[in-house]
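Dear colleague,

My notes on it follow directly after.

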Amino acid sequence: MKIKACLLALPILAVLASCGNGDSPKKEQADKAFFPVNAQVLSELKQLDSMPLAVFHYHQERDGRKDTTIVTKEQLRVAVKELLDADITGIDLRSKYTESVYMDQSIGTVTMSYVPNDKDLPVRKVDVYLDPSNDRMKQVYVETSGPGKGDSSISRKMLFAPGRYFQVSTMISSGDTSNRWFQDKFSWESPN
């Protein structure tokens, strides 16, 4: 209910802000607080540390090779570091991203979407999906892109679902047009 009230107030606040101080849209964006994805993820990991749940790691290669292992919670934390490193909430980054907020009736979530104003920024997209009934994060989707070793580039698509799993799809592209794709999923879903 709080989200719906906030969404209804957004157009009114936008009109009031545009009438006032003459700040540029970039400054207004920099003054805005983005959704604290890292705080939510770290809270989930801390909660997971206190629970007697196994973490399953499913690895899959493009050629069909698959592997399943049980990993430690510390190994999960190392994997999640890629997501945590894609943090755009710092004051120096806020003006470089545009935030959109909308209610997605088809999936029953409030979506907060962040896209860069500059196509060369490494974090290409962040979508936070919130449950409108309790304002909790249902999942976060993050895309990153950057240089790899030598003349290669690395693109990652990451999905973190609290209480369920963390998944990373990685594409490594080389200058010689050879590509390597693999996916890692870490699951700790409770059987209840």
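Phe56 is partly exposed because its relative accessibility is 34%, and Tyr58 falls in that class at 36%; buried means under 20% relative accessible area, exposed over 50% and partly exposed in between, with a 1.4 Å probe and protein chains only. The model is a predicted one, in which local features need pLDDT of at least 70, side-chain atom pairs count only at pLDDT 80 or more, and totals for chains, interfaces and linings use all residues. Residues are numbered from 1 along each chain as its sequence is written, and side-chain values use heavy atoms, with hydrogens and water left out.

The structure contains 5 aromatic pairs. Rings of Phe, Tyr and Trp (its six-membered ring) pair if their centres lie within 6.5 Å; planes under 30 degrees apart count as stacked, over 60 as edge-to-face and the rest as tilted. Phe56 and Tyr58 make a stacked pair, at 6.4 Å centre to centre and 20 degrees between the planes. Phe160 and Trp188 make a tilted pair, with 5.7 Å between centres and 45 degrees between planes. Phe160 belongs to strand 7 (residues 153-161) and Trp188 to the segment after strand 9 (179-187), so this pair ties together parts that are 28 residues apart in sequence. Phe160 and Trp188 are both buried. Ring pairs join Phe160, Phe166, Phe186 and Trp188 into a cluster.

As to the overall fold, the chain has 5 helices and 9 strands, where helices (H or I, at least four residues) and strands (E, at least two) are DSSP runs numbered from the N terminus. Their order from the N terminus is α-α-α-β-β-α-α-β-β-β-β-β-β-β. Of the 192 residues in the chain, 34% are buried.

A nonpolar core is a set of buried Ala, Val, Leu, Ile, Met, Phe, Trp, Tyr and Cys residues joined through side-chain atoms within 4.5 Å. The largest one has 34 residues, and Val41, Leu76, Val128, Val140, Phe160 and Phe166 have the most contacts inside it. Elements that each supply at least two residues of this core include helix 3 (37-49), strand 5 (123-131) and strand 8 (165-173). Helix 4 gives the most, with 5 residues. Beyond its neighbours within four places in sequence, Phe160 is in contact (heavy atoms within 4.5 Å) with residues including Val41, Glu44, Met137 and Trp188.

Asp104, in strand 3 (residues 97-104), is buried yet has no salt bridge, and the nearest side chain of opposite charge, Lys138, is 9.9 Å away. A salt bridge is a side-chain nitrogen of Lys or Arg within 4 Å of a carboxyl oxygen of Asp or Glu; Lys and Arg count as positive and Asp and Glu as negative, while His and the chain ends are not counted. Residues up to four places away in sequence aside, Asp104 touches Thr109 and Thr111.

Arg65 lies in the loop between strand 1 (55-61) and strand 2 (66-71) and is exposed, with a relative accessible area of 53%. Arg65 and Phe182 are 117 residues apart in sequence, yet 9.5 Å apart in space, C-alpha to C-alpha.

Yours sincerely
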